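Q: I have a model open and would like to go through it with you. Could you help me read it?
A: Gladly; let us look at it together.

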Amino acid sequence: MRLSLLALLAKEPAHGYELKQALEQIFGRAYPSPNIGQIYVTLGRLEKDGLVKAVDVEQSNRPNKKVYYLTAKGREALDAWADEPTEGPRVRDEFFMKLVLAPMTGIADRTALINRQRRHYLALMRDLNELAERTDRGDRVALLLIEGAMLHLQADLDWLERCQEDLP
Amino acid sequence: MSPPPIVNTVNLVRIYQDGGVPVPAVRGVDLKVEAGEFVAIMGPSGSGKSTLVHMLGGLDARTSGEIWLDGSRVDTLSESAWALLRRRKIGFVFQFFNLVANMTVADNVELPALLAGASPREARERREYLLGELGLADRADAAPAQLAGGEQQRVALARALANRPSLLLADEPTGNLDSRNTRDVLRLLGEVHRDGQTIILVTHDARVASLADRVVSLLDGQIVDDGAVGPVRRRPRASAGDVVELRS
Ligand SMILES: Nc1ncnc2c1ncn2[C@@H]1O[C@H](COP(=O)(O)OP(=O)(O)OP(=O)(O)O)[C@@H](O)[C@H]1O
Ligand SMILES: [Mg+2]
C-alpha cells in the first residue's frame, strides 16, 4: 500500500480519509477495501522515512486534520518504483510443499489433496464470476483486475493438472 | 418412482487399437446425470474426455459396458437408430467444429431443426435468435471457411442448440474464444440450463466449469473426482474483496 499512497499523493496532497476513498473509487469492488487504521499507520511510517510530510489544517468545529504531501525523497522512491519491472506472481509454493511432502509422510493422499485444491480454485472462480456480474460494465479498472485474477486462477488450475499427470 | 437419469453409464470402456497396440482411452466409467443437470468434465489432455462424450452421443462405439439414455439402453443401437435419437434429443458440439463446408452459416444452423421436422419459418427464427445471442447475426450468409476459428465454434454451438435438445453434449465449446465471446457463450448456456436442458460439457476453462452444478475430473480414462462446486472455504477474516489480492 505504501506506493499506492505515494502515487496518490503525487497527484495532490490529501488526508487519510481522502486516500481511502480514492483507492475505493479507482479500484472498485475488486479491491480489498483498505481500512483507515492501516492507512494512517502506513502514512506514519512514510513520514518517519521522510517520503511524505504532514501539515495541520484547522477545521471549524472539528479537530485539526493532517494533510499529507510528497517530499522530494518520496518523489524519487515513486520514480524508482515506476521504472522497475514488477515481480511476476509466484507459484503456490505452500500447496506444492504439501503436495510433495504430505504423501511421503502418510498424512494425506495426493489425489485427495489435488481434488480438494481443484474444488477450491473452482469455487474461487465462481466468486470471481459473481463479482464480475455485480461490477458495473463501465468500471474498467475493476473488471480488468477481476479478469487478471481469473487468468491467474486458470494458470493455477492448469498447473495442478500437470502435477496430477506427472507426480506418481 | 423417480424418473431415470438422463445419462447413465455402467463400467464403460473404450480401448482403441493403435497398430495392434491397445490404447485404453476410457477405463470403467460409471456416470449418472439427472435431467436438468449441468455437468462439466475436466482433465488433462488425453484423459479420455472426448472419447467419453463421443460415446454418449453415439459417435464412437464402446468396447464394453453399458450406456443408458432416459432409461433406455442405447449402446446396442444401430447407426441409424442413433442418428434418429440425436436428431430428436441430442445436440453435439465437436472439439473441431465439423461444419458442413459447402453450406452457409444460416443453413448449417437451420439444417438440424429442418431434419427434425420444424417448419422453415420456425427454423429460421430459431437460427436468427441463436446467431444473434452469439454475436454472429451478420455472418449468416458466410461460408464456414470464411470464418475465424472462434466464429466457427460459436456456429457449431448454435447448430447444436437449433433443436432445443434435451441433452447438449459439448466438447471444449469455448476453446478458441476470447473472454468477451466466452461471456456470450456462458450467457446462452445459462439460459439453456434454466430452460431445463441437460448439459454435459468438456472444458479446460475454469470459468466455464465453475458455472456447472457439478464437475467430473478424469485422469487416464477414469473418474478421479466428482462433486458440486461448493462455496469457498475461506480462512477466517477474509472477505469477498479478498478474492483479488494485490501485492503490497
Ligand atoms: N481414434 C483413435 N485411435 C487411437 N487412439 C485414440 C483415438 N482417439 C483417441 N485416442 C487416444 O485415446 C486417449 C484419449 O483421447 P481423447 O481424445 O478422449 O482425450 P481428451 O481428454 O479429449 O484430450 P484433449 O484434452 O487433448 O482433447 C488418448 O491417448 C488418445 O491418443
Ligand atoms: Mg478432446
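Q: Which domains does the assignment give for chain A?
A: In this predicted model, the domain assignment divides chain A into domain 1, covering 2-83, and domain 2, covering 93-166.

Q: How far apart are the C-alpha centres of those two domains of chain A?
A: The C-alpha centres of domain 1 and domain 2 of chain A are separated by 33 Å, and the contact draws on five residues from domain 1 of chain A and eight residues from domain 2 of chain A.

Q: And what area is buried between domain 1 and domain 2 of chain A?
A: About 530 Å² is buried between domain 1 and domain 2 of chain A, with carbon and sulfur atoms giving 68% of that area. On the domain 1 side of chain A, the residues that lose the most area to domain 2 are A:F27, A:R29 and A:A30, which together make up 78% of what that side buries.

Q: How many salt bridges are there between the two domains of chain A?
A: The count between domain 1 and domain 2 of chain A is zero salt bridges, and the rule likewise finds zero residue pairs in polar contact across that interface, taking pairs with both residues at pLDDT 80 or more.

Q: Switching to the metal, what are the protein donors of the magnesium ion, ligand 2?
A: The magnesium ion (ligand 2) has B:S50, through OG, and B:Q95, through OE1, as its protein donors, at 2.0 to 2.4 Å.

Q: Where in chain B do B:S50 and B:Q95 lie?
A: B:S50 lies in helix α1 (residues 49-56) of chain B, while B:Q95 is in the loop between β6 (90-93) and α3 (105-115) of chain B, so the pair ties together parts that are 45 residues apart in sequence.

Q: What is the relative accessible area of B:Q95?
A: B:Q95 has a relative accessible area of 27%, and is partly exposed.

Note on methods:
Residues are numbered from 1 along each chain as its sequence is written. Chains are lettered from A and ligands numbered from 1 in the order in which they are written. This is a predicted model: local features need pLDDT of at least 70, side-chain atom pairs count only at pLDDT 80 or more; totals for chains, interfaces and linings use all residues. Side-chain values use heavy atoms; hydrogens and water are left out. Donors are N, O and S atoms within 2.8 Å of the metal (3.2 Å for Na, K and Ca); water is not among the atoms, so sites may look incomplete. Helices (H or I, at least four residues) and strands (E, at least two) are DSSP runs, numbered from the N terminus. Buried means under 20% relative accessible area, exposed over 50%, partly exposed in between (1.4 Å probe, protein chains only). Domain bounds come from an automatic or database domain assignment. Contact means heavy atoms within 4.5 Å. Buried area is the accessible area (1.4 Å probe) that two parts lose on being put together, summed over both. A salt bridge is a side-chain nitrogen of Lys or Arg within 4 Å of a carboxyl oxygen of Asp or Glu. A polar contact is a pair of N or O atoms within 3.5 Å; within protein, one must be able to donate a hydrogen and the other to accept it, and residues adjacent in sequence count only if both atoms are side-chain atoms.
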